[in-house]
Amino acid sequence: CCYRKRERLYLLATKAKLKGLIGKRVLHPLLYSGLFLYHLFHHISIQVNGKIPSQTFGKKRPIILAVSHIGLYDTEVALQAIKKHFYLLSDDEEFMYRTFDGWLFDGNGVIYVDNDDRVDKRVAFETTIKYLKAKKNILWCPEAIWNLDINKIILYLAYGIIEAAYQGDALILPIGIEQFDQEKGAHFVVNIRDFIDVKNYFSLDMNKKERKKMKLKLASELRDSMATLKYEAWEQKKREEIGEDYYQKFVQKRLDEWPYFNLDIIKKRTFQPKDVVESTQVFEHLNYLDIDSRNAFLARIKKDYQLELKEKENLMVRP
């Protein structure tokens, strides 16, 4: 991985031309067919609602697929559902070595990035721009890590995808994917929405502060759009079909599918805006609080309010 990172930096610094573009596009139908058979063998079914909107002939622009991220199979499910050729943006290079997924990614075309390395993140961003300017499409999971959160439909998004679309003159296509486990394999629902053209929201007279504010706004709108699509996928399942331990089983199955991830790694990689504070952070001090008579109120000890109301009701004097 260290060698590959240095190689990526060298190729970008020397302004080397992108290689293998035609070969990967020619190879795509073969990979797509193999992926279809692989999913059939592993009992993976895919329901696609919607399709990529058409563009004006002769004025086609590259597309960034903004795909929700729920587990191991998201990327290959998206590739099969879309059918068109897309380059992948991935941060799991070290786990792809000598694996089927790694072979699939390399054969299809992939831009690897180490999200813990600021230089490599910049290299991957600039490389993505190069592909977009060459009219190549990109598959990007803007959540950056699996979303196993019990509350958030879509995790918070950084605005890098907005900046890439602007600089690469690309359209963003929101896609919501949800996975429903079955006794054998899994069923995926893929919902596709209309394009988001970020260039419609910027003007040349905008200053740096206004541009950043707009990018944050567009990242929020993209998140809302992806959340709507994912919520619509949830409606495929009836409430009575969801057991009390559904969430726990779902999380455990995702982790079992990919042994390189655990909840600590997922939490570390999850993007959190600077102006957002989670409840766990707000009450983190309670773990270190030495309770006495002066600070007991900080503990916010939970009361049995139902019992308290019942006792008050018994004490009430009725006329």
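Trainee: So is Trp258 buried or exposed?

Mentor: Keep in mind this is a predicted model. Trp258 counts as buried, because its relative accessibility is 8% and the cut-off for buried is under 20%.

Trainee: And which residue does Trp258 form an aromatic pair with?

Mentor: Tyr260. Their centres are 4.9 Å apart with 70° between the planes, an edge-to-face pair. Tyr260 itself is partly exposed, at 38% relative accessible area.

Trainee: OK, how many aromatic pairs are there by this rule?

Mentor: The count is 11. Take Phe95 and Phe261: the ring centres lie 6.1 Å apart and the planes sit at 85°, so that pair is edge-to-face.

Trainee: Where do Phe95 and Phe261 lie?

Mentor: Phe95 is in helix 4 (residues 93-96), while Phe261 is in the loop between helix 9 (246-257) and helix 10 (263-269), so the pair ties together parts 166 residues apart in sequence. Both Phe95 and Phe261 are buried.

Trainee: Which residues form the aromatic cluster?

Mentor: Phe95, Trp146, Trp258, Tyr260 and Phe261 make up one cluster.

Trainee: Switching to charges: what sits over the ring of Tyr166?

Mentor: The charged end of Lys199, 5.4 Å from the ring centre. There's also Arg254, which lies over the face of Phe250 at 4.6 Å from the ring centre.

Trainee: Last one, the surface. Which residues form a nonpolar patch there?

Mentor: Phe36, Leu37 and Leu40, with about 320 Å² of accessible area together. Phe36 belongs to helix 2 (residues 21-41) and is partly exposed, with a relative accessible area of 40%.

Conventions. Residues are numbered from 1 along each chain as its sequence is written. This is a predicted model: local features need pLDDT of at least 70, side-chain atom pairs count only at pLDDT 80 or more; totals for chains, interfaces and linings use all residues. Side-chain values use heavy atoms; hydrogens and water are left out. Patches are made of residues with over 30% relative accessible area and no salt bridge: like charges are joined within 9 Å, nonpolar side chains (Val, Leu, Ile, Met, Phe, Trp, Tyr) within 5 Å. Accessible areas come from the Shrake-Rupley method with a 1.4 Å probe; for residues, only the protein chains shown count as cover. A salt bridge is a side-chain nitrogen of Lys or Arg within 4 Å of a carboxyl oxygen of Asp or Glu. Helices (H or I, at least four residues) and strands (E, at least two) are DSSP runs, numbered from the N terminus. Buried means under 20% relative accessible area, exposed over 50%, partly exposed in between (1.4 Å probe, protein chains only). Rings of Phe, Tyr and Trp (its six-membered ring) pair if their centres lie within 6.5 Å; planes under 30 degrees apart count as stacked, over 60 as edge-to-face and the rest as tilted. A charge sits over a ring if NZ of Lys or CZ of Arg is within 6 Å of the ring centre and within 35 degrees of the ring normal.
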